[in-house]
Amino acid sequence: ITCSVESKTVVIGLAADSGCGKSTFMRRLTSVFGGAAEPPKGGNPDSNTLISDMTTVICLDDYHSLDRTGRKEKGVTALDPRANNFDLMYEQVKALKEGIAVDKPIYNHVTGLLDPPELIKPPKILVIEGLHPMYDPRVRELLDFSIYLDISNEVKFAWKIQRDMAERGHSLESIKASIETRKPDFDTYIDPQKQYADAVIEVLPTQLIPDDNEGKVLRVRLIMKEGVKFFSPVYLFDEGSTISWIPCGRKLTCSYPGIKFIYGPDTYFDNEVSVLEMDGQFDRLDELVYVESHLSNLSTKFYGEVTQQMLKHADFPGSSNGTGLFQTIIGLKIRDLYEQITSSQAAVSLEATKA
Ligand code: ADP
Ligand code: G6P
């Protein structure tokens with residue numbers, strides 16, 4: 001008898017509108033697994049894939065069935081299911097999960113065309129990120145964990161302006177127009193996926209500044225589903241209780257408008273959830289360990305690991321607020337989930353060899 005402990009690929013879904021921080025989140029996640037993710041070596045320079053030792057991140061735009069011209073002609077947006085090939089997405093994610101390599105198409109964001117496919121080998125952890133990871137029930141069924149980044153309209157607008165004006169040279173009018181044209185399809189096809197997510201990161205304007213319209217200070221809520229296999233929600237002070245905490249004082253420097261945490265049980269689309277909320281921003285990241293020491297179930301490997309990760313990527317967007325903090329925490333929870341899944345698979349194969 002040969003005893004091979006083949007572990008299956010763990011599949012993670014990350015859904016969000018474009019320009020909502022998916023790539024930043026992916027950089028935080030791959031860093032938790034040690035090592036930065038790179039585009040495939042020697043391949044198409046416009047590939048959307050990122051590969052590291054442990055993780056492969058594929059962008060679901062690669063499953064566009066209509067290219068930019070095709071979408072224009074048919075009058076459909078990239079968010080419309082008719083512009084996407086869910087059959088192929090399902091077949092390929094399923095194959096990768098079963099350990100079979102696939103030739104995945106490439107959607108070229110520069111030309112707006114579909115390029116020749118690239119070979120994707122089954123990784124330890126496959127992340128599928130994009131507009132529709134939880135749209136098709138067959139694909140949803142393959143996910144071991146799913147995350148939805150829920151950015152409120154006000155905040156989305158501010159971020160899009162930052163990126164599309166500064167980095168892509170678009171005008172304010174064209175950004176406004178593109179958000180407006182996308183909105184109906186976003187509401188119909190993208191937003192409803194959040195009901196299926198195991199974790200939702202909601203990003204809202206602050207409530208600490210009355211009538212704030214600058215959109216710099218954020219209120220961020222981490223909504224964690226109860227009863228998900230291999231995932232136990234993080235909590236503040238005492239699991240299941242309701243707590244409001246202002247950590248500013250002797251141990252944490254806070255300038256105006258300060259920081260406020262709220263934690264407690266809630267319901268979300270008829271699901272029981274735990275919600276951890278942070279409003280405001282940190283002045284000094286090295287003091288974050290004070291907050292970290294009051295959070296439990298973080299799935300860290302040593303005291304202060306959350307703070308260490310945050311300090312390591314202090315230059316990433318969102319590092320001073322709840323977006324960076326909660327993305328880092330979800331990264332640690334995914335590492336924990338991966339370790340639990342692989343050790344349970346190892347236990348099953350051991351049982352099988354005994355029988
Ligand atoms: P996506 O991969 O979803 O298109 P990115 O991670 O590239 O999104 O982020 C797009 C832009 O949004 C960034 O350039 C940045 O300006 C802004 N952004 C993303 N995440 C944050 C954040 N947590 N806080 C502030 N701005 C952010
Ligand atoms: C979304 C999709 C992209 C698409 C973009 C613009 O962001 O994720 O794949 O390129 O919309 O779509 P357009 O049809 O204007 O090229």
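**Cavities.** By cavity I mean a set of points, on a 1 Å grid over the protein atoms alone, where a 1.4 Å probe fits but cannot get out. This is a predicted model, in which local features need pLDDT of at least 70 and side-chain atom pairs count only at pLDDT 80 or more, while totals for linings use all residues. Side-chain values use heavy atoms, without hydrogens and water.

The largest cavity holds about 60 Å³, a volume being the space filled by probe spheres set on the points.

**Lining.** Next I listed the residues with an atom within 4 Å of a point: Asp17, Asn153, Lys156, Lys160, Ile179, Arg182, Lys183 and Phe186. Helices α5 (153-166) and α6 (172-190) each give two or more of them, helices being DSSP runs (H or I) of at least four residues. I noted that α6 has the largest share, 4 residues. Sorted by class, the lining has 5 charged, 1 polar and 2 nonpolar residues.

**Cores.** Then I turned to nonpolar cores, sets of buried (under 20% relative accessible area, 1.4 Å probe) Ala, Val, Leu, Ile, Met, Phe, Trp, Tyr and Cys residues joined through side-chain atoms within 4.5 Å. The largest has 57 residues, and Phe145, Phe261 and Leu325 have the most contacts inside it. Helix α9 (residues 322-354) supplies the largest share of this core, 9 residues. I also saw a second, separate core of 31 residues, with Ala78, Leu79, Ile128 and Leu143 among them.

**Phe261.** Leaving out residues up to four places away in sequence, I found that Phe261 touches (heavy atoms within 4.5 Å) residues including Trp245, Pro247, Met278, Phe282 and Leu325.

Notes: Residues are numbered from 1 along each chain as its sequence is written. Chains are lettered from A and ligands numbered from 1 in the order in which they are written. On a 1 Å grid over the protein atoms alone, a cavity is a set of points where a 1.4 Å probe fits but cannot get out, and a pocket is an open set with protein on both sides within 12 Å along at least five of seven lines; lining residues have an atom within 4 Å of a point. Ala, Val, Leu, Ile, Met, Phe, Trp, Tyr, Cys and Pro count as nonpolar, Asp, Glu, Lys and Arg as charged, and the others, Gly among them, as polar. Buried means under 20% relative accessible area, exposed over 50%, partly exposed in between (1.4 Å probe, protein chains only).
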